[in-house]
Each structure stands twice: as structure tokens, then as C-alpha cells.
Amino acid sequence: MPFFEAVRLALQTIRAQKLKSAFSIVGVFIGVMFLIAVVSVVQGMNHYMTDKFAGTILGVNTFRLRQFPDVQLGNVTDSTWRVWRRRPRVTYEDAQAVMRGVTIPVSAAWESSTRAALTAGRRQAKDVAVTAATELYFEIRSLGLERGRAFTAQEVQAGVPVLVLGHELAEKLFESQDPIGREVRIFDLPYRVIGIVEKQGNLFGLSLDKFAVAPATAPLKRYINQPRVVDALAMKAHSQLEMREAMSQAEAVMRSRRHLRPREPNDFALETADEVLDFWAKISRVLFVALPGLVAISLVVGGIVIMNIMLVAVTERTREIGIRKALGAKRSDLLSQFLSETVVLSLFGGVLGVLVGIAMALLVRIATPLPASIQPWSVVVSLLVASSIGLFFGVYPATRAAKLDPIVALRQE
């Protein structure tokens, strides 16, 4: 029997038995739907962690010298916390010594942060991330300016009270007015706005645009940190290899300054995006193995349902099979007809599952902080899996139909 003729007969049978066909495809439909949704969310998270989280929070080819890690991964015990808290703070002198000791070409900036309320006229923004930093902070964080300018090295040296605002913060404090040149008060200290950073968006539902950056030596420094102490020294290299070399040099300088013996552990932290990405890679590998495994159970159940319903169909159509055999139909004709029905059934369920899975992924991306990136390869794989399920579980019913004796089949009532 020609392939297209077998498919046409299969479609006719499916149309004639709509309810039975609908029940047949439920398992495959659910399995493919969740496969598309799961792959989209996990792949979206991969891109999100690489481009947004690691790139924005920690920086590409960037490491930070800190008292202890800013991003803690896994379960940090109370004893570990106590050890970290007893470590010496990173000082201006530490930062300057490291900057002198690193011979690799890098961009370096030190920074300290706190949270505070900002006031502009009658408007106030509470719980704003306020950072005091040196001039290369914006370059290291890859923060482009939408309006105005960043502060200069001379302004950092002089401690000029100027301020660069995040996009959302500027809109909240000034609405439709131009913020450049206007006054903002932090800790009741007057600051002049000189720049607005481009919109950064959200990270897991948290805004990345509600922040303010001032020169590290500006008057608010005494409200942020102890005298001559910084939260972090950030260094950005041109490549991963250069960053690793710069980290080794920075570690050597700090161990020498802290008088640490060869076997003593570091009493400071050198933090990069790699730890975060490695941690996420382990999680995503588990997700890619475990979640599709659960989806596969649904697909297998769907295949078993299709096989059972097709076996019932063979029993119900025994007389029809006998007539067709008596009129000259070959075993291969019956085999191709029933196999076509199961493949078309499961493929139809797969197509519906793909469409609903894509809709679910888009809904997750719109309605929740979780990202979702629809992968074309997952659509192709899902349809191949669906058709394979139909082919595999359709072999037994099709073989049983093809082997029926025409005389016995014609006697069937």
C-alpha cells in the first residue's frame, strides 16, 4: 500500500473515532508538552545565568577581592560564617598594593555598598543600593550611560558630591523631568546628579535599575564603611587566561601582606563568575537528566495507551480485516495501515503538545521571573520522539492485524 494512501486511511479512521483518538493521544500530548516547557525553562535559565546573572552581578573576565564571598553557593554553616566574619577587612592599602602588584593589564576599581533612602524634593525612594566606587566601576560592570556622564578620576580624588542614578530610580525621583544637574539627598547630604545608567531590566524579578553610585571619597563614605576600608576590589582583564594570571598575582600579594604561611588557607576571598556558572551547570545537568526522565514516563504510558486502544481497534475491525484480505490485501498493506494510524495518532498528540508547550513557556516568561528560551531542536526532538513512540507501540497491534486468518476473521460477528 502506498504511504500516502495508508496515511489517508489512517486519518479517515481517526476522524470516524474522535473520542477514542483523543484518549489515545493524551499521554503523548502531556509528555511532549512538558518536555518543551522544561527544556525551554532550563535553556532560558542557562542563558540567563551566563549573560544576565554572571555578566551583570559579577562581570565577564572579572574577579573581586573581598573579605568573604558575596555570592554564597550551597549550605554555608554557622562555623564557616564565624570564620569569615573574623577575617580582616580589605583596606585601601590592600587595594593599592594589589593594583601595584598585578602586572597583567586590567581595569581596577574598589567599591563599598549599603542601602539607604534618597530624597529629591518631595519625592523619596527607600531601600536603594548606594555604592561608593572609583571611576572605572562603570567600565568593569559594563554599565552604559543613557544620559549625562560618569564621574572622573579627578572627581574621585577630590571627593566631589556627584551621583549617577539607575534608570528606575531616576524615573521614581524625577518622573518626566530631566534629572541631570538636579539635587538628591542621601543621609541628608546634597548630591548633584550627573548621569543616568541605561535600563538593565530585572534579575529573578528584582530590579537592576534601583541604585545610585557616588565617588568613593565623597562625603557619604563615612556612612557606608569604616575609615579606609572597602567592600571589594574589582579587576577586569581582557580574557579568561589573563584574568586567571591576574588572580594568581593578586593572591600572592595578599598572602604576603597577611603574612600567611604556605599551608595556611587564605583569609580573603577571590570571587569570579566561574563558581556561579559551575554551580549552575551542575544543577542544569541534573535537571536535563531528571526532568526529561520523568517526561519519558508519561510518553511510555501514552504509548501503552495507544497500543491498548489499537488492540481494541483490531478486535473491533476483525471482520473488516477479513474482507480486505479476501479481496486481496497483503499483510504489508494491513501492517502499513495500522502502523500509519498509530504514528499519525502519536504525531498529532506531539504537535498539540509542542503548541501548548510553547504557549506554557511563553506564559512562564511573561507571568513569572523565570526566563524561558524556546529551542528549535527541542521541537524537532519532541516530534521525532512522538512518532517513534507511535511506531514502537504500534508494531504489535499492526502485526496482530496482519496475521489474522481471513476465514476466521470473516466468521467474526
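Two residues are in contact here when they have heavy atoms within 4.5 Å. Keep that cut-off at hand for these exercises on a predicted model.

**Exercise 1. Find the surroundings of valine 379.**

Solution. Start with the helix: valine 379 sits in α13, which covers residues 376-402. Next, look for its partners, leaving out residues up to four places away in sequence; valine 379 then touches Ile36, Val354 and Ile358. Finally, compare sequence with space: glycine 350 is 29 residues from valine 379 along the chain, and their C-alpha atoms are 9.3 Å apart.

**Exercise 2. Describe how helices α4 and α9 meet.**

Solution. First locate the pair: α4 spans residues 92-101 and α9 spans residues 240-257. Their axes come within 9 Å and cross at roughly 135 degrees. Angles over 145 degrees count as roughly antiparallel and 65 to 115 as roughly perpendicular, so α4 and α9 are oblique to each other. The crossing of α4 past α9 is right-handed.

Now turn to the residues. From α4 come Glu93, Asp94, Ala97, Val98 and Gly101, and they meet Gln249, Ala250, Val253, Met254 and Arg257 of α9. Sorted by type, this contact has 5 nonpolar, 2 polar and 3 charged residues.

**Exercise 3. Explore the second largest pocket.**

Solution. Begin with its space, which is about 240 Å³. Then see what lines the second largest pocket: 11 residues do, and Arg66, Gln67, Phe68, Arg85 and Arg89 are the closest to its centre. Last, sort the lining, which holds 4 nonpolar, 2 polar and 5 charged residues.

Note on methods. Residues numbered from 1 in each chain as written. Predicted model: local features only at pLDDT ≥ 70, side-chain atom pairs only at ≥ 80, totals over all residues. Heavy atoms only, no water. 1 Å grid on protein atoms, 1.4 Å probe; cavity = no way out; pocket = protein on both sides within 12 Å on 5 of 7 lines; lining within 4 Å. Points joined across faces, edges and corners; volume = space filled by probe spheres on them. Nonpolar A, V, L, I, M, F, W, Y, C, P; charged D, E, K, R; others polar. Axes fitted to C-alpha atoms, helices over the stretch in contact; angles between N-to-C directions. Helix = DSSP H or I, 4+ residues; strand = E, 2+ residues; numbered from the N terminus. Parallel < 35°, antiparallel > 145°, perpendicular 65-115°, else oblique. Left-handed = near helix turned anticlockwise from the far one by under 90°.
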